[in-house]
Amino acid sequence: MTTLAEAIAADQLGDRVWLYSNYHCNLACSYCLTESGPKVERRELDPATMLDIAHEAKGMGFTRIGITGGEPFLVPELPEMLLELSAVLPVLVLTNGTLFQRSLLERMAPLGAADVTLQISLDHPDPVTNDVMRGPANFRKVVEAVPALLGLGIPVRIATTLEDGDAEDLPRLCMLHRELGVGDDDHVVRPILRRGRAESGDMGVRARYLDLPPELTLTADGAFWSPFAPTVRQGVLDTDLLLSRTTRPLQRPVDAMLTVLGGRPAGADSTLNIR
Amino acid sequence: MSEMTEREILRAPGGPRVRLIDADSAPLLVRDHFAGGDPGPIVASLAQVPELVGPTLPFLGTVLGPSWIPMREKEIVILRTSAVMGCRYCTDTHTVVALDSGLSHTEVRALRGDLPAAAAFPDVDDRALIAWCDAVAFGVEADIRPARAALTIDDARVVELTLLVATTVMLNRYATALALPTSPDVRDRLLQEAL
Ligand code: SF4
């Protein structure tokens, strides 16, 4: 077994490689870690590179791919790219779920037979409260998109990002996701992280790198410790969780990650339920 | 994305031309370099690309740091080269190191170009070394040939001191291009020494 495979097998390192497909977004959520929005620089990973990375990752022993951003579905060729990527490794895509108009859903249909899961953000059972954080009509678009995607045979998870005090509304949100057809095992709840726009807005919990499960994450700016790492504050990329600017060959950032893991204090596991 | 904007660079004409990493933004693999306080602008700039720090610092330490050649001799080379290259950051920083390595105030002034070398260095070998630094830094073959002929040191010394000139030139270009700032401690010391 390689050192990487051993680290994955020992659960010291996630088996998924995350790719930041882009940084721009049609929304501009108040707690966004990446300060994404319609006008930010796109900083895309090009589709051919993402496919190459998937092949390389598989060859090294990674077993899953994650796509995040920004809003990945702003990348015009994403549905077709997901089909190709999923032929290499199972794919999880994080999306705000607001772009699934009929024409996009038609292009998504082939993914029903592929190994692609969507994780859609929904923060609150009350449309008004939800939309204050995530933008106008967000709630309506999400509750329409979830059944439509499930109807195509595409598995959907719901991700809820909670600010302190929102927890009492969680049972109502759980009723809602069940009604939409998403089971409890597919509901991810995590706190707002005090990085990016959340930090500027004085929101969320501060996390040390030890609180963030290590999952190799590649962006147009380099390789990072976790998908929660390549954050942006006041237009400047956070470098505290940067592993290396060099992302290829993948062995380079993997070596950097294994070096950091080697220096991690024993028993220093995450306590913040950030996943 | 972590770049300085054109406006930021123009707004701070005397400041560094890249963002210097501080302890809070130090990448995981280079945090140790920030544990003891400000590591200086060379490390703080290199930390933008963490994978450069690991290989570069030992190289610089080996070439510029203590070795079998006395530090006085090495500082003659580093300070002279930096002055010839017009690197404010390296000249200021190594003026202090040179004084602390046993070079006199007059010798330091001569190496900085404020006095003729002959006025401060009566030893012909020191003057030959200074001429070698000048020739290698300028890189003109017609100067390098006679300067090499005037050196009476053995080949091993020529190799190490020439690599020292070349590495100093590299750092001079780097520090000057990025306008790395002289530390307040060095500035205070230069004021004290009237340099
Ligand atoms: S949190 Fe997600 S949906 Fe909201 S602005 Fe950021 S990237 Fe877009």
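## Arg43 and its partners in chain A

Arg43(A) is buried, with a relative accessible area of 9%. The structure is a predicted model. The side chain of Arg43(A) forms a salt bridge with that of Asp221(A), at 2.4 Å from N to O. Arg43(A) sits in the loop between β1 (16–20) and α2 (47–60) of chain A, and Asp221(A) in the loop between β7 (217–219) and β8 (222–224), so the bridge ties together parts that are 178 residues apart in sequence. Asp221(A) is buried as well, at a relative accessible area of 11%.

Arg43(A) also lies over the face of Tyr23(A), 3.5 Å from the ring centre.

## Other salt bridges

Over all chains, a search of the whole structure finds 24 salt bridges. One of them joins the side chains of Glu56(A) and Arg248(A), at 2.7 Å from N to O. This pair links distant parts of the chain, 192 residues apart: Glu56(A) is in helix α2 of chain A, while Arg248(A) is in the loop between β11 (242–244) and α9 (251–262). Arg248(A) is partly exposed, with a relative accessible area of 32%.

In chain B, Glu160(B) forms a salt bridge with Lys74(B), and their closest N and O atoms are 3.2 Å apart. Glu160(B) belongs to helix α10 and Lys74(B) to helix α4 of chain B, so far as sequence goes 86 residues apart. Both Glu160(B) and Lys74(B) are buried. Salt bridges with shared partners also join Glu199(A), Arg206(A) and Arg233(A) into one network.

## Aromatic pairs

The search of the whole structure finds three aromatic pairs over all chains. In one of them, the ring centres of Phe73(A) and Phe100(A) are 4.9 Å apart and the planes meet at 65°, so the pair is edge-to-face. Phe73(A) is in the loop between β2 (64–68) and α3 (78–86) of chain A, and Phe100(A) is in the loop between β3 (91–95) and α4 (102–108), 27 residues apart. Phe73(A) and Phe100(A) are both buried.

## Helix α10 of chain B

Helix α10 of chain B covers residues 155–177; at 1.5 Å a residue, its 23 residues should span 33 Å, which agrees with the 33 Å between its end C-alpha atoms. Its buried residues include Arg157(B), Leu161(B), Leu164(B) and Asn172(B). Among the elements that cover the buried residues of α10(B) are α2 (41–46), α4 (71–84) and α8 (124–138) of chain B. Just after the helix, Ala179(B) has a positive phi of about 50°.

Val158(B) lies in this helix and counts as buried at 9% relative accessibility. Apart from neighbours within four places in sequence, Val158(B) contacts Trp132(B), Arg148(B), Leu151(B) and Ile153(B).

Note on methods
Residues are numbered from 1 along each chain as its sequence is written. Chains are lettered from A and ligands numbered from 1 in the order in which they are written. This is a predicted model: local features need pLDDT of at least 70, side-chain atom pairs count only at pLDDT 80 or more; totals for chains, interfaces and linings use all residues. Side-chain values use heavy atoms; hydrogens and water are left out. Helices (H or I, at least four residues) and strands (E, at least two) are DSSP runs, numbered from the N terminus. The expected span of a helix is 1.5 Å times one less than its number of residues. Buried means under 20% relative accessible area, exposed over 50%, partly exposed in between (1.4 Å probe, protein chains only). Contact means heavy atoms within 4.5 Å. Rings of Phe, Tyr and Trp (its six-membered ring) pair if their centres lie within 6.5 Å; planes under 30 degrees apart count as stacked, over 60 as edge-to-face and the rest as tilted. A charge sits over a ring if NZ of Lys or CZ of Arg is within 6 Å of the ring centre and within 35 degrees of the ring normal. A salt bridge is a side-chain nitrogen of Lys or Arg within 4 Å of a carboxyl oxygen of Asp or Glu.
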